Amino acid sequence: MKTIEQIAAELQGYDPKALPADQVNAFLARLVEPISESEDVGIFDALGRVLAEDVVSPISVPPHDNSAMDGFAFDGAALGESPLVLSNLGTAFAGKAWAGRVGAGECLKIMTGAIMPTGLDTVVPIEFVKVDGDTVTVPSGVVKPGDNRRFAGEDLMAGQPALRRGQTVGPAALGLIASLGLPTVRVVRRARVAYFSTGDEILSLGEAPREGAVYDSNRYTVFGLLTRLGVEVIDMGVIPDEPVRLEAAFREAAARADAIITSGGVSMGEADHTKAMMKQLGDVAFWRIAMRPGRSMAVGRISEKGKSAVLFGLPGNPVAVMVTFLAFVRPALQRLMGAEATPPVLLQAKSGEAMRKKPGRTEYQRGTVTREADGTLVARTTGNQGSGVLSSMVQANGLIVLRHEQGNVAVGDAVEVMLFDGVV
Ligand code: AMP
Ligand code: MG
């Protein structure tokens, strides 16, 4: 396990007081180690889990050559310039092998999925032929030899990896696993993430409002983001700015979880006990990131009884929490979960408005992408971009990412958008 100091030494030009956003991800990729434990789960429990090993196909799918259409199967070699007249011997149904042989000048009515009889390679769809009693006429030009036949193993070959380790199991993968006849699959142990909010001014739900205090929203957005990611959540509540309470919370979190997420108390000027406790119990770096919103963050490891957990000390402002989570914590947690790295696919859009932007920091603007009548995708911001303003986050369907070097944006300029789709 590398220390903060060792990782810092590996990164060119690392400056904790002015860290470019890209360097944060590079740092976290070195800090976080994937969970190595795995377990077998039933197929229904595999949804959203990460495969701990390749799934090797024990069978070929489909197991035999079969028809892709309802029609008539015959030997395609007989096709030529003039219509082909064949005599029908019977019907092959799906799920039942047709026992007889089909020779020259003969055909067999066949249903979709039925096994192709030996020697036949072509199926003409039923709507293309003329049927008169047992006589079937195939007009010229409607099929080529080999049409409408599916090969054994065309989807998957026995002995080949059907799914790769590190892949997250979605609905298509569930179906694929089932198509192999596998009732269970080996997945990485679910990551456990503990989180709490800090600050004397933070009220828990149910507490009476008091002057200067605000209700805790961060624990709820973090709960939602973590749940959608598919980790096991450990909610540790609101911890006031008292050394004894903070120490107990950090120790308990480090003992129970693989990762700890806190919010609040990490900004540079902060004169509270949160940072002191992080320093005392762990190996932690305090960063000022060249980004907006966000800026302050603490990362490292907190240890308790020989076990350690990765720490993400997020800023307090509710939108800063979400943005730092999406930009940094989420990819880091995916690595922890054993998932292969899938950087978010950014959508290219045209800016529907002018935006002020200072080069030298990455800015994340809450916005919506809509398709205009002419088909272009246009990104617009959703109002007040203050780092505490959640309502503009709620209205947004993505974050407009204005990169480090970018300056002011004019109407019509190309911008990139990180879509929330299923994540936020
Ligand atoms: P801090 O990073 O602790 O200086 O907090 C920055 C701002 O975010 C302050 O206005 C806090 O009141 C607010 N804040 C901190 N934690 C929370 C929370 N859990 N829910 C809502 N607002 C918060
Ligand atoms: Mg504070």
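The paragraphs below lead through a predicted model, from its domains to one of its sheets and then to a patch on its surface. In this model local features need pLDDT of at least 70 and side-chain atom pairs count only at pLDDT 80 or more, while totals for chains, interfaces and linings use all residues. Residues are numbered from 1 along each chain as its sequence is written, and side-chain values use heavy atoms, with hydrogens and water left out.

The domain assignment, whose bounds come from an automatic or database source, divides the chain into domain 1 (4–37 + 189–336), domain 2 (39–61 + 154–188), domain 3 (66–150) and domain 4 (346–419). Between the C-alpha centres of domain 2 and domain 3 there are 35 Å.

Strands of a sheet pair through backbone hydrogen bonds, either parallel or antiparallel. The bridge partner of D132 in β10 is T135.

On the surface, L205, Y215 and Y220 form a nonpolar patch with about 310 Å² of accessible area together. Such a patch joins nonpolar side chains (Val, Leu, Ile, Met, Phe, Trp, Tyr) within 5 Å, from residues with over 30% relative accessible area and no salt bridge, a salt bridge being a side-chain nitrogen of Lys or Arg within 4 Å of a carboxyl oxygen of Asp or Glu. Accessible areas come from the Shrake-Rupley method with a 1.4 Å probe. Y220 lies in helix α4 (residues 218–229), a helix being a DSSP run of H or I with at least four residues.

Conventions:
Chains are lettered from A and ligands numbered from 1 in the order in which they are written. Patches are made of residues with over 30% relative accessible area and no salt bridge: like charges are joined within 9 Å, nonpolar side chains (Val, Leu, Ile, Met, Phe, Trp, Tyr) within 5 Å. Helices (H or I, at least four residues) and strands (E, at least two) are DSSP runs, numbered from the N terminus. Two strands pair if DSSP finds at least two bridges between them.
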